[in-house]
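Subject: Structure handover

Hello,

Here is the structure I said I would pass on.

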Amino acid sequence: MGGWLSYLWWGGDPDVVNPVSGLTRREVYAVQQSWALVYKDSVGNGIELLKRLFRAYPETKEFFKMVRKLPEEEYDKNFQFKAHVINLMSSLNLAVTNLNQPEIVVEMMLKLGESHRKRKIQQQHFFDLKDVIVKMFIEVLNLDSSTLGAWGKTVDFWYKHIFEALTDGDGR
């Protein structure tokens, strides 16, 4: 009976790995549940994420001309910066909420890679961001190891397709 109920609850076997994303239904659920906590204050958490990125990797601030010369305490007063934060967090939200449709997420990540290629963003900059995200999530969300592992697989899935577009003209 438990197996049958579990199958109904998850919409299939919760531990079967999706061939496109590399994630199980259980991992997708863990990522989506933990993300919901972050997205409750998307602007505040997005600003904090970028502040931490700039502190850990000061060279990345150069990509953000709207705050390049501003002191950190003035970032959240800059409307252009806040707009970028909203775009960032909205894009992450769409990528997380659509993990059940990984083919859609692939297309989203290819577009993201194309737009960042035009701005000369390199793979290392994305790895730097991942480092900051992981540290922030551990500190703020106090994630267990399986949820943290699911996040690692999720970001790797995203980056695979972002990097395709960063290095290739059209991402295909």
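**Helix pairs**

α3 and α6 are oblique to each other, and therefore neither roughly parallel nor roughly antiparallel nor roughly perpendicular. Please keep in mind that this is a predicted model. The α3 and α6 axes come within 9 Å and cross at roughly 125°, and the crossing is right-handed. From α3 (42-56), the residues in this contact are Asn45, Glu48, Leu49, Arg52, Leu53 and Ala56. On the side of α6 (123-141), they meet Asp128, Leu129, Val132, Ile133, Met136, Glu139 and Val140. By class, the contact of α3 with α6 has eight nonpolar, one polar and four charged residues.

The next pair is α2 with α4. Helix α2 covers residues 25-39, and its axis and that of α4 come within 10 Å and cross at roughly 155°. An angle over 145 degrees counts as roughly antiparallel, so α2 is roughly antiparallel to α4. Here the crossing is left-handed. The α2 residues Val31, Gln32, Trp35, Val38 and Tyr39 meet Met89, Ser90, Leu92, Asn93, Val96 and Thr97 of α4. The contact of α2 with α4 holds seven nonpolar residues, four polar ones and no charged ones.

Helix α4 (residues 79-97) also packs with helix α5 (residues 102-118), their axes coming within 9 Å and crossing at roughly 155°. α4 and α5 are therefore roughly antiparallel to each other as well. In this contact, Ser91, Leu94 and Ala95 of α4 meet Val105, Met108 and Met109 of α5. Five of the residues in the contact of α4 with α5 are nonpolar and one is polar, with no charged residue.

The largest cavity has a volume of about 80 Å³. Its lining is made up of Trp35, Val38, Asn45, Leu49, Met89, Leu92, Ile133, Met136, Phe137, Trp151 and Trp158. At least two lining residues come from each of α2, α3, α4, α6 and α7 (145-167). The largest share, three residues, is from α6. Sorted by class, the lining of the largest cavity has ten nonpolar residues, one polar residue and no charged residue.

The elements giving two or more residues to its lining are α6 and α7, and the largest share, four residues, comes from α6. By class, the lining of the second largest cavity has five nonpolar, one polar and one charged residues.

**The largest pocket**

Which residues lie closest to the centre of the largest pocket? First its volume: about 890 Å³ of space lies in the largest pocket. It is lined by 31 residues, of which Phe64, His84, Leu88, Leu112 and His116 are the closest to its centre. Two or more lining residues are given by each of α3, α4, α5, α6 and α7. The largest share of the pocket lining, ten residues, comes from α4. In the lining of the largest pocket, 21 residues are nonpolar, nine are polar and one is charged.

**Where to look**

Regards

Definitions and conventions
Residues are numbered from 1 along each chain as its sequence is written. This is a predicted model: local features need pLDDT of at least 70, side-chain atom pairs count only at pLDDT 80 or more; totals for chains, interfaces and linings use all residues. Side-chain values use heavy atoms; hydrogens and water are left out. Axes are lines fitted to C-alpha atoms, for helices over the stretch in contact, and angles run from 0 to 180 degrees between N-to-C directions. Angles under 35 degrees count as roughly parallel, over 145 as roughly antiparallel, 65 to 115 as roughly perpendicular and the rest as oblique. Contact means heavy atoms within 4.5 Å. Ala, Val, Leu, Ile, Met, Phe, Trp, Tyr, Cys and Pro count as nonpolar, Asp, Glu, Lys and Arg as charged, and the others, Gly among them, as polar. A crossing is left-handed if the near helix is turned anticlockwise from the far one by less than a right angle, and right-handed if clockwise. On a 1 Å grid over the protein atoms alone, a cavity is a set of points where a 1.4 Å probe fits but cannot get out, and a pocket is an open set with protein on both sides within 12 Å along at least five of seven lines; lining residues have an atom within 4 Å of a point. Grid points are joined across faces, edges and corners, and a volume is the space filled by probe spheres set on the points.
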